[in-house]
Amino acid sequence: MTVPQEYGGAGRSHVERFVVAEELLAAGAPVLAHWAAERQVAPMLLRIGTEEQKSRLLPGIVRGELSFGIGLSEPDSGSDLASVRTRATRVDGGWAITGQKVWTSAGDRVDHMFVLCRTGDSEDRHHGLSQLMVSTDAEGFRARPIVTMSGEAEFAEIFLDKVFVPDADVIGEIGRGWQQATQELGWERSGPDRYLSTFVLLARFLALEAPALDADRGRLAARLSALRELSWQVAEKGQAGLDFGADAALAKDAGTTFEQESVEIVRRALGSDVRRHPELQRLLHAAQFASPTFTLRGGTNEILRTITARQLVAS
C-alpha cells in the first residue's frame, strides 16, 4: 500500500496501511508469506535502495510475486544483535557470505533474504556491519525449518556457505548495517501485529454471555485500547518521517506482554468450563503453544526496555 504508484503501489500512507493491517490481523487472515516484504523491506528500499533496486524489486513485492526474509539473529547470540559473526568477504564483482542465521520467519520459503553480516573489523562491534540481499536459490544457501512445540514451522535456520552476492545487491552503504537494521526493526516492532496475535481468541472471549467474566474482559479491553493508541501514534510518527525507534520498542514490549498475559487471563477465567466452548478451546490451545515466541521475536523485552530507558534519559 505504501509503495509509490510509479513502482506499481497504491501510494497510500503508513496510517492507511495500519488500518488495513489491523483488520487483516483481527480477522486472523494468513499474512506471513509477504509480511516482511510489505512491512519492512519495501519501506527500507524506498529509503536507502538504489533506483535500480527499487525498479527491480518493488513491483514484484507489490504484485505478491517476491517474498523476503530478514536474517538477523544468530545461534548463541540471544538478542545481542551486535555479536553478528556471519561474514562477507570481497570477491570479484561482489561479496561471498559465510555464516548462520536462526529464527528467520519463513526463511525456508522466501525468494530473497536481507542478511546482516560483518564486512569489516572494529573494536566497536556496531561498526563494520552491512546488509546484503541473498537469493535463496543461490549456490551455498540452505534453509532448515524449525518446528516449534505447536507443530508449526514459522521459523527457519539458515546456512550460508560462500554464497555470492553481486555488488548490485548491497543494501544501503557498506559499514552502515547496524543503523539500517535498527531503523528497519522499528517497523517490525511497532505495528498492530504486536498486540493482535491473540485477538481472534480475545474476540471469542469478549463475546461470551457470562457476567461473571466482565471484570476480566473490561481489563483486557482497556489495555487493548491503550495499546492501539500507542501503536497508532508510532505509525503517525513514521509517516511524518520522525525517529520512532524508542516508541516502537515501547509498543512492542507492552504489546507482546499483553498478548502473553491475555492468554493466561482467558485460561484462568474459563478454567474447565472452556470445554463447553470447543472453538474457544481450540484457539486457547493454539495461543498457549505460540505465546512463548511473542516476547522473543523482534527483540526480547529486556533489550526493548533498555532502548526505551536510554531514550528517556537522553530526553
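**Briefing on a predicted protein chain**

Over residues 1-65 the chain is 65% helix and 0% strand, with the end C-alpha atoms 15 Å apart; helices (H or I, at least four residues) and strands (E, at least two) are DSSP runs, numbered from the N terminus. This is a predicted model, in which local features need pLDDT of at least 70 and side-chain atom pairs count only at pLDDT 80 or more, while totals for chains, interfaces and linings use all residues. Residues are numbered from 1 along each chain as its sequence is written, and side-chain values use heavy atoms, with hydrogens and water left out.

**Annotation**

- An unreviewed UniProt entry places the feature "domain: Acyl-CoA dehydrogenase/oxidase N-terminal" at residues 1-65; UniProt positions follow the numbering used here, feature names are shortened, and annotations may be inferred rather than shown by experiment.

**Overall fold**

- The protein chain contains nine helices and eight strands.
- Its radius of gyration is 20 Å, close to the 20 Å that the globule rule gives for 315 residues, so the protein chain is as compact as a globular protein of that length; the radius is taken over C-alpha atoms, and the rule is 2.2 Å times the number of residues to the power 0.38.
- The C-alpha trace spans about 70 × 45 × 40 Å along its principal axes.
- Of the contacts (heavy atoms within 4.5 Å) between residues at least 6 apart in sequence, 70% join residues at least 24 apart.

**Surface and charge**

- Of the 315 residues, 47% count as buried, where buried means under 20% relative accessible area, exposed over 50%, and partly exposed in between (1.4 Å probe, protein chains only).
- Carbon and sulfur atoms account for 52% of an accessible surface of about 15200 Å², computed by the Shrake-Rupley method with a 1.4 Å probe.
- There are 35 positive and 43 negative side chains, and the centres of the two sets lie 4 Å apart; Lys and Arg count as positive and Asp and Glu as negative, with His and the chain ends not counted, and each charge is placed at NZ of Lys, CZ of Arg, CG of Asp or CD of Glu.

**Two individual residues**

- Alanine 37 lies in helix α2 (residues 32-48) and is buried at 1% relative accessibility.
- Beyond its neighbours within four places in sequence, alanine 37 is in contact with Ala42, Ile61, Leu66 and Phe68, whereas 14 Å separates its C-alpha atom from that of valine 134, 97 residues apart along the chain.
- Aspartate 169 sits in the loop between β7 (155-166) and β8 (170-171), and is buried with a relative accessible area of 7%.
- Apart from neighbours within four places in sequence, aspartate 169 is in contact with Gln53, Arg56, Leu132 and Met133.
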